[in-house]
Amino acid sequence: MPGHEPPNKDNKELTDRPRDAATPGGITRRGFLKGAGVTAAGTALLEGVQVFSREAAAATPENVKEYGPEPVTIALLVNGKEHPIEVEPRTTLAEALRIQLNMTGTKISCDRGSCSSCTVLLDKTPVNSCTMLAIDAIGHHVTTIEGVTEDEKMHPLQAAFVRHDAMQCGFCTPGMVMSCAALLERNPNPTEDDVRQAVSGNLCRCGTYPKVFAATLDAAGQMASKA
Amino acid sequence: MATEITTPVFAALQQAASAAETATRTVTMPVGVPGFTLGEEERTVPVTEPPVLPINKDLEFIGKPIERWDGYAKATGRARYTADVALPGMLYARFVNSSVPHAKIASIDTSEAERMPGVKGVHVIETFLGGAELRDPSLEQSKYPVVRFAGQPIAAVAATTPQAAEDAAAKIKVVYNTLPFVVDENIARSANAPQVFPGAADQAGTAGGGGSRAGIPQTGNVHGPSVRKEGDAAQGFKDADVIVDAHYTTQVQTHSALETHGVVADWKPDLLTVYASTQGTASVREELAGYFKLPMSQVRVITEYMGGGFGAKFGAGNPGVVAAILSRKTGAPVRLMLDREEEHLSVGNRPSSDQRLRIGAKKDGTITAIQLISYGTAGCGTGAGCSGPAANLYKWATLHTEENDVFINAGPAAAFRAPGHPQGAFALEQSIDELAGKLEMDPLDLRDRIDENPVRRVQRQVIRTSEIWKSRNPKPNADSGIVKRGVGLSQSIWYRHLNYNSAAEVRVHKDGSLEILSAVQDIGSGIKTALAQIVAEQFGVPPAKISVKIGDTNYPPGPNSGGSVTTASISPAARDAAWQASQKFLASVAPGLGAKASDLTLSGGMVRSASGKFQPIAFRTAAAKMDTDQVSAQAKRVRDYDPKKYITYGGIDCAEVLVDTETGRIRVKHVFSVHDCGRPINPAQVTSQINGGVIQGISYTLFEHRLLDPNYGLMVNADLDKYKIAGSFEVPKIDVQLTEVYIGQSSTDASGIGEAAGIISVGAAIANAFYNATGVRIRQLPMTPGVVLAALNQPQQMMESI
Amino acid sequence: MNSFALADCSTVEAALSQLKDGAVVKAGGVDLLDRMKNGTDTPRRLVNIRNIRELRGIHATPDGLTIGPLTTLAEIAEDRGVRADYTVLADACGAAATPHIRNMATIGGNLLQELQCWYFRSADFECIRKGKEVCFAFSGLNQYHAIMDYGTCPSVAPSSSAVAVLALGGSVELTSAAKGKRTVAIQDFYVKPDANPHRFHVMADDELLTAIHIPKPAAGTRSAYQKYGEKESHDWAIADAGIVLEMDGNTCRRAVVAMGAASPVVRRSKEAEEALAGKPITQDTARAAGKASMTGAMPLSMNAYKVQLFPVAIYRTILLAAGQMERDPSATAVAS
């Protein structure tokens, strides 16, 4: 029924689960962004996408691909899966994710790169998806908040966000998670200042920052102890 | 009709119902602050009320930092906000807004827009909602709503893609007959200023507050004064040994919730369904049903998740009404979400203030008189009054307040987290600090003298013994370096508002599953979790296992979330429903257990036989014995047990700042926040809200400022870039101490915290800390480097070495 | 944002062939998309150079550094070599905008970033920069505007990397299909509003910025950049300073003092540099240089505080460069 959903199973499990069991099997899940790495398989996929795109683009002088202004079909590699979509050249990556792909975890709030609610990872790098064209994501691995959760299970960072109540209205939360996930990937042992720097472009109007810092540091510790 | 029913059964039912409402019993309730003043008081309560709830330390789920019920949905991005709702065939709508601050519209040509590809519907707005309205509408003749601010919506387009809607909106041609305008409130007060309204006008308040009293005089653009006189203030000042007299100004702040205002409206012949980013599903339904003259049964409002409101999101407003009209016109669902610029311009803000505050006191600190003359602008609305703190924080012998709204050609204000109070406290709490200085009294000692509230007294004791306060050098400007450290504090005050339109239903299923339903919406403060905890406590089931279904007018009525009413209003209804459902549950399982219902109790998740007839049975096992698949109970909020009791909430924020006297940068290092939150249902969530109040308060105090160009009347910083909001580096160390307070007022005895904490008191705490650091008063917000350097340059030469 | 066609180019040659008929170059796109969303820019055709690999990367040469214009601000801020030997540039790139923007924004785009004046950025105001006669800032809201050298337009230079490139004596390489390559010193690259209010740089429509050259610093060089905003998380500079000191022991042989947020074009303060040359770096000499930097300042109605702030930014950054002071906690934190 619209408007409602039962509490998620996974949430219940987590609530009941002892804290140190957040990473089942004692295996680190730091590799959650592995789909975003330039692995051999990734490269192959990448080339497939480019071929696909070239076909979509009109034939023009060598080394120039023409797009639009009419809608064009492109393929985006999102969360490890290829998605053919139709976009106008002016469609931003955030719009394409939210409207064409119905991945609404990525939010649009300022639409100018000032609030980072729209944070996704381009390869492994956090970027503002509102401030880039969908076409510019061709050939890159895009990771959205939907891609951080694996088999319905929260990533240790997400679990730490829940444990520390690092959210209020929750609208900035996906962007915060993406920024902090990218930080932990890059720097498994961050200081609080590192976390502040990592989210210095993420606005939270409810003022949840202190718990975002605590959750991220806690997740880092947990992941380190499981590594 | 009920009056026509005369059957004996009905009469008996009626009698029983009214007897149940009036029958009472006397109970003993915990009252006071555990560890300080906890005692007991008797209350007379309806017999339908559940047993008195012990204090938090004796409970299993209530009062514990339970994980946020929808934490999973929020952390994984699965939480569906209004902006995320996508219905089959949905159209995207976009407003066309005024580009001038004051005009009558001569003509609107939508023909080209209508021919644009993808366009399915165009609507020209007939009534602008949200601003003040003329008492005598005949004073103004205009075919279209008069434009009173740049950014006022004029028309809207619905199209198959957002891009098509944007392209079409750009093709609507509006011809304006521009009128003289004024956006500077000081100019607006002068006799020959352009008039925003041709006569007296008033703005209604919302569930979140704001608006102004009716019948206030108006002269030109000045709507006021709204006067309150208690005793002879002139005599009070004559009686005073010391008078502090100061002038304060504060800026306009915009709410800037991350999710903008907006709806998805789906108009069907028999049902208008509206997904709304709102703090009040009830208020949205009421407004839409009223506007379209629909029965309330044919309007359904859903708010599954909402991305922040802070007071600005009540009612359907222009987006709600226009989306519904476009949906009716096109026969398709319509999504209309504002963009960031529109959010700044047209859907609310915190009014400015210009306050002349005089306080007279005796040598011992006793206040003989408080006089506050205030002006402020709520744009083309009203609601800039800010006398709450001056009138209510401390004891005075005489009081004289005059509040004036100054109309300017800007978007109307809306309730914003503790309306009027951050402005009022910024002035009052600095003047009280100044008074303490003049009287050579410790700021806490002075407040002990003039504030008898027993909770605040406890809180001052907590502050007095805190490391941060003990580290304060009472002598201002004691540091000799370039960067000076200071510590200051401020109190806050808010009031016990309740919304009795609050009810909940609790259902028990035969498989032991439980659900709670209410139309109340979760605006981020965590009411879903609180409701789950309340049901969990009753049935001894973990809160995460409770199905919480709220934010839908199909469920029992819920309060609008404004003025810190939500938890205090809905939680007793939820507990009553849970308790009553548990009694029905026991009655339902009694036959299966071979016991009398009166022999059964449910506690700690076990069904027990008082007579020892059987060993305790787990709730879930017992549930299998229910004689129907489901039992349920719906309960509404009963009146506060002792409604005559005047209850205020409040607390103290103590700030440590570093002032760089060369750059004018104020860095807030540490805030110690001690706040009264009644019985905290979920201390983790309460702490989150207080953190948020503190951070929003810092942001208001140091950075935020709506800037209107004086020559053209347009906002120049309608974004999240040059409209500056505190970010991660601006967040100090925040230590929150909850003052757990029992007041003996309801079956949960819970209170709200949204307004009272942080946002009211942080500004004055920083200003007082600034004075402590530098010996200089800043009586102007925001305290940007430019303002700070100017203040430091005024009284003394700080910069001799440059 | 208006509808447009996009020509996605994979080589410089291909891109140059597309620079005609009002086509606009897009690199990272951060600034351009902002302006298009605001409606101030409405190009019908974009030339996407984002995927030209040859324009990426930081290359050490015997003479210094050559930086591809598509190198992101984050890549420069994080580069060890740049941090060690060209600190002022790493600092400037690491203090810009937000981490996410630094990951997308290129140094070429940063050097070519349009003015940040709010009147210029609004489609509602047709100002002198947009071909009209009027400036709205002089009589309007100008608290963040210029205090020096503004002539007809007081919008300040928005690029922090330009301050560093100027401080290091860098230059840019411009390439066109018709005329080939030319190199322009950064101080000659930007155009003051009085000279041409409609174009703030000397690039022609058919030219592409293809490289940034930074000469190798002399032995004993130390440098630093600091940006001061009203807040630390994502703010524009209200004062900034790029400092390069060529030291002999503790004596400053030669100093460069560069500023961004003081004027429409990044500028060096001859007066401040002279105040340091041949002197030891001390609190006194640093402060004297800061004070000298404001020679000729003419603040507007709302920004006199910047005249007080700039000398502080400059003296503290001189001391930071000289290793006599920690990074200022009042200044924007620098990502590394």
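This is a predicted model: local features need pLDDT of at least 70, side-chain atom pairs count only at pLDDT 80 or more; totals for chains, interfaces and linings use all residues.

Analyst: A residue is called buried if 20 or more other C-beta atoms, placed from the backbone, lie within 10 Å of its own, exposed if 12 or fewer do, and partly exposed in between. Residues are numbered from 1 along each chain as its sequence is written, with chains lettered from A and ligands numbered from 1 in the order in which they are written.

User: Is strand β5 of chain B mostly covered or mostly open?

Analyst: β5(B), residues 119-124, is mostly covered, with five of its six residues buried; strands here are DSSP runs of E, at least two residues long, numbered from the N terminus.

User: And which strand does β5(B) pair with?

Analyst: Five bridges link β5(B) in the antiparallel sense to β7(B), residues 153-159, where pairing requires that DSSP finds at least two bridges. Within β7(B), Ala156(B) stands opposite His123(B).

User: Switching topic, how many residues of chains A and C are in contact?

Analyst: On chain A 31 residues are in contact with 29 of chain C, contact meaning C-beta atoms, placed from the backbone, within 7 Å.

User: What about strands across those chains?

Analyst: β1(A) and β1(C), residues 5-9, run antiparallel and are joined by four bridges, and Tyr67(A) has Leu6(C) as its bridge partner.

Key
Two residues are in contact if their C-beta atoms, placed from the backbone, lie within 7 Å.
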